[in-house]
Amino acid sequence: MKSDIPKQKEGAFSDTVSSIKFENETQAIEHFTVVRKRFLDVNSWELFAGEEKASFSLTDANGNFLLDHPAVGNFIKIKIPGLHNPTGDGFDWVKIEEIKEEKNLNFESVYIRVRPSSDPTKPEEKVAHFFDEKATSNFLIRRVGEEIFAEVHGRNEEPNTENLNLLEKARNLLVAIGGMIAGSKFQWKSLTEGLIKM
């Protein structure tokens with residue numbers, strides 16, 4: 001799964017990992033079932049990350065709200081508290097471009113990769129995200145024996161400032177730089193801890 005994470009080439013990156021270890025593998029297997037259910041419920045990520053964090057909504061290719069598990073080609077609509085994105089009608093948008101699940105005797109994992117995209121209700125429009133389209137966010141949960149990990153890996157993160165007006169540029173620079181310095185690390189650590197908690 002880690003081999004699926006794009007190589008870091010330019011811009012900023014982040015690696016956030018939380019883990020929990022059990023007394024035996026049976027307990028870990030049981031809890032991983034819970035973690036997997038939480039992980040695949042994208043609409044509830046805000047609940048696991050805690051109040052005052054970004055909210056996430058899973059949508060189809062037309063921007064319609066979905067209650068299903070995420071699938072390749074779906075979008076995630078993100079609302080960042082306080083700094084709404086004018087390009088995406090108040091939201092930042094990413095598209096799910098890869099999902100992988102693996103399972104064997106003492107290992108199981110689920111991986112989701114997303115990339116900044118345009119608002120699917122306005123597909124001809126520019127990228128509606130504070131990072132440009134080279135960036136990816138890579139979400140991973142895995143169980144190795146008695147230990148469970150939840151991870152978020154950001155790669156090639158650069159502010160999205162191309163073909164935008166001054167207000168949009170300023171907003172994206174502010175959110176991107178804040179995210180690259182500390183904000184996204186704080187957001188993702190809250191999520192990874194929330195996903196694996198007992």
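This is a predicted model: local features need pLDDT of at least 70, side-chain atom pairs count only at pLDDT 80 or more; totals for chains, interfaces and linings use all residues.
Leaving out neighbours within four places in sequence, Asp132 is in contact with Pro116, Asn156, Glu158, Pro159 and Asn160.

Where does Asp132 sit? Asp132 lies in the loop between strand S5, residues 107-116, and strand S6, residues 136-144. Despite being in a loop, Asp132 counts as buried, because its relative accessibility is 10% and the cut-off for buried is under 20%. Its side chain also makes a polar contact of 2.9 Å with the side chain of Lys134.

Now to one of those contact partners, Asn156. Asn156 belongs to strand S7, residues 147-157. Is Asn156 buried or exposed? With a relative accessibility of 7%, Asn156 is buried as well. The backbone deserves a look here: phi at Asn156 is positive, about 55°, and the residue is not a glycine. For background, most residues other than glycine have a negative phi.

Next, the strand pairing. Strand S3, residues 75-79, pairs with strand S4, residues 92-103, in the antiparallel sense, over 4 bridges. Within that pair, Ile78 stands opposite Asp92 of S4.

How many bridges join S4 and S5? There are 9, and this pairing is antiparallel too. One of the positions to look at is Glu101, whose bridge partner in S5 is Val110. S4 and S5 form a hairpin, with 3 residues between the two strands.

Terms used:
Residues are numbered from 1 along each chain as its sequence is written. Side-chain values use heavy atoms; hydrogens and water are left out. Buried means under 20% relative accessible area, exposed over 50%, partly exposed in between (1.4 Å probe, protein chains only). A polar contact is a pair of N or O atoms within 3.5 Å; within protein, one must be able to donate a hydrogen and the other to accept it, and residues adjacent in sequence count only if both atoms are side-chain atoms. Contact means heavy atoms within 4.5 Å. Two strands pair if DSSP finds at least two bridges between them.
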